[in-house]
Every structure is written in structure tokens, then in C-alpha cells.
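Please keep the sequence and the structure in view while reading.

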Amino acid sequence: MASFFRTTGVSALKNASRFYSAAGASRVSAPIFSNRYFVASSIAIAGTASYYAYSSMTSPVSAASPVFKGDFIDLTLTGVTKVSHDTSIFRFAYPGADDESGLITASAILVKYKDENDKNIIRPYTPITDPRTKGYLDLLVKVYPEGKASKHIHSLKPGDKLAFKGPIIKYPWTPNKDPQIVLIGGGTGLTPLYQLIHEITTNRGEDKTEITLLYGNKTVDDILLYDELKSIAAKDDKFKVYFTVEKDAPEDTIAGFINDAVVKKAIGDKDFKSFKFFVCGPPGLYNAISGSKVSPSDQGELTGLLKSYGVDKEQVFKF
């Protein structure tokens, strides 16, 4: 399994990345695998109440022909690429071949469908395509046993439609907005963190932000975009990545969880006050590192390791 996720799967999807470039994206986003262990808050949030909270954060973003303007729009599924036994990439076509999403880094979208009781089910997802890609949107979706939206999406066939709404603005990034950032994530919580990594490292002519990624998973098979992240680190001296693995950690990872020792190893002797921290992952990660959000519009109090280091609440953003 490790070889599939870390070699075969990534290699296969890099072909898709090349296709993205041919489709007109000026900077290409590598696909992201879903994860069988962690459940990231940025991938799906249950309940209609969550929809209204997210809806209040929606605002149009300018683009050449923006698809997402703050209202739901039906998009047609044109293809499905199976990544693993429970994860696939779903490609949805925009109305026009030259249309762009109108999304920015970092942002998400909502999907909506009606269940068997004619009730609206609404969930947020993070696209894996570069915001500048023309003509289509890709979602990578892991199906969960109790996941209503994920099961519905996995039941779709080419030609079926799904309603989308966005953009859901998370943290509008501009070059050099924060000179040094630390990204702390677990499992599928990598998704919005990778948006930042991709946006910054593909714009090095302008953006000099230093990035440190601490990325935790249960097993090596759960690591998303391992080869891609290692490749970026090898080429970009302003990007460093530390992988932690709970079980059977290989030599190029750190055994265990993201803890005090791992954070201090990554930060070194630098002043914690000089960093902006971004956190995304399962509840256990939030509890240990930063404390949880109260809602999409309320970051909640700062607790955990970051507070123990004397970090200010304003230095931390929880996806």
C-alpha cells in the first residue's frame, strides 16, 4: 500500500496535472489524496446550520469568467478517476470551456443535493485544481461509511449534475502577507495547507514567504502527496516539511505524533512570535496544538501547545 500511495498514485495523478496545464492553468495544482484515518474539518461539516454559517462568509471573487458568484450552480460530472478503494477524483465541467472558478487561495466551495427525504444536504469541499484552471473543477472525495455527501458523490455517473456554491473565503493570501508561516496538519487536513504551499512556491519570483509544514498521519499509506511535497522541498530552500507517522514510521519520517519535540525541532531557535501558524486536521490535532474553532466565523480561544509557547491568538488561523 505504501508504494501505491507514495509512487503509483502520485505518478498517475501527475499525468492529470500535465492535463491541467494544457487546459490553460498558468500555475498547476497537484492532486491531493484523501485519507482513511483522519477526518478534516475542511472537507465536510455536517448539518444545515453549517451551511448558513459558511454561506455568510461567501463573497464573489473576480476572474475572467467566474463560475462561482455566490449562488448555487449545477455542474455536470464528466469523468471519474479511481485513486484507491475508497477515493476517487470527480471532474465537473464549467458552463464554458474558458470559464474560471473565481476561487482564490485559500478558499473552498459548497456542494448540495437532496436526500431520499427531499432534504438539502450541504457540505464544504476543497477543490484540487489550480484556481486559474479553465473549463472544469476536480474534487477528490473519500467515501466514509456515515458520510452522506461523500456516498452521494461516489454514486454519481458521468452526465449527472451536482450543485455548487462559492467561493467560501478562508484566508485570502497575498504575496509576503506573512514572512514566515508554519502549517500544522493531519490527514486530509493537508488540503487547505497545500493550497498555500502551491500558491507561494509557484510564485517565488514575487513571494519570498518561508514555509514549514508539520504533517501527521497514522500510517505511511495515509500520507497525502508525499512525493510532491518532497519534490517541492528539494527544489525550494524556503520550504521545509516534517512527516510524523504513528505506526511503522520509515526513516524519512518521525515516529509518533506532532508534539512539543517535533514543533521545537522544526522551529529551531527562532522566536515563536515571528511566525503565523495555520492548523487543519481532526479534533485531536486541534486539541493538542491550538484548540478548536467555535464556528467558521469564530476562531475560538487559543489553547494547546501554541499557547504554551506564548503565541498570540492573532498569530494562529484554524481552517
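Asp-118 is located in the loop that connects E3 and E4, and in this predicted model its phi is near 65 degrees, a positive value in a residue that is not glycine. Is Asp-118 buried or exposed? Its relative accessibility is 55%, and because exposed means over 50%, Asp-118 counts as exposed. Asn-176, which belongs to the loop between E6 and E7, likewise is not a glycine and has a positive phi of about 65 degrees. With a relative accessible area of 36%, Asn-176 is partly exposed.

Two peptide bonds also deserve attention. The bond from Thr-105 to Ala-106 is cis, with omega near 0 degrees, and Ala-106 sits in the loop between E2 and E3. Gly-166 and Pro-167 are joined by a cis peptide bond as well, with omega about -5 degrees, but Pro-167 has its place in strand E6.

Strands of a sheet pair through backbone hydrogen bonds, either parallel or antiparallel. In this model, six strands form an open sheet in the order E10-E9-E8-E7-E11-E12, and the pairing is parallel. E10 and strand E12 (316-318) stand at the edges with a single partner strand each, so one side of each has no neighbour in the sheet.

| Strand pair | Bridges | Facing residues |
|---|---|---|
| E7 (180-186) and E8 | seven | Ile-181 and Ile-211 |
| E8 and E9 (239-245) | seven | Ile-211 and Phe-239 |
| E11 and E12 | three | Phe-277 and Val-316 |

Strand E8 (residues 210-217) has seven of its eight residues buried, so E8 is largely enclosed by the rest of the structure.

An α-helix has 3.6 residues a turn, so residues three or four places apart point the same way. Which residues of helix H6 (residues 260-267) are buried? They are Val-262, Val-263, Ala-266 and Ile-267. These residues cover an arc of only 125 degrees around the axis, which puts them on the same side of H6, whereas Ala-261 and Lys-265 are exposed on the other side. The buried residues of H6 are covered by elements that include E7, E8, E9, strand E10 (254-255), strand E11 (276-280) and helix H8 (304-308). H6 lies across E7, E8, E9, E10 and E11, and runs at about 160 degrees to E8.

In helix H3 (residues 148-155), the residues Ala-149, Ser-150 and Ile-153 are buried. They cover an arc of only 100 degrees around the axis, which places them on the same side of H3. The buried residues of H3 pack against strand E2 (87-93), strand E3 (107-114), strand E4 (120-125), strand E5 (136-142) and strand E6 (161-169).

Key. Residues numbered from 1 in each chain as written. Predicted model: local features only at pLDDT ≥ 70, side-chain atom pairs only at ≥ 80, totals over all residues. Heavy atoms only, no water. Buried < 20%, exposed > 50% of the residue type's maximum accessible area, 1.4 Å probe, protein only. Helix = DSSP H or I, 4+ residues; strand = E, 2+ residues; numbered from the N terminus. Pairing = 2+ DSSP bridges. Arc of directions from axis to C-beta. Contact = heavy atoms within 4.5 Å. Axes fitted to C-alpha atoms, helices over the stretch in contact; angles between N-to-C directions.
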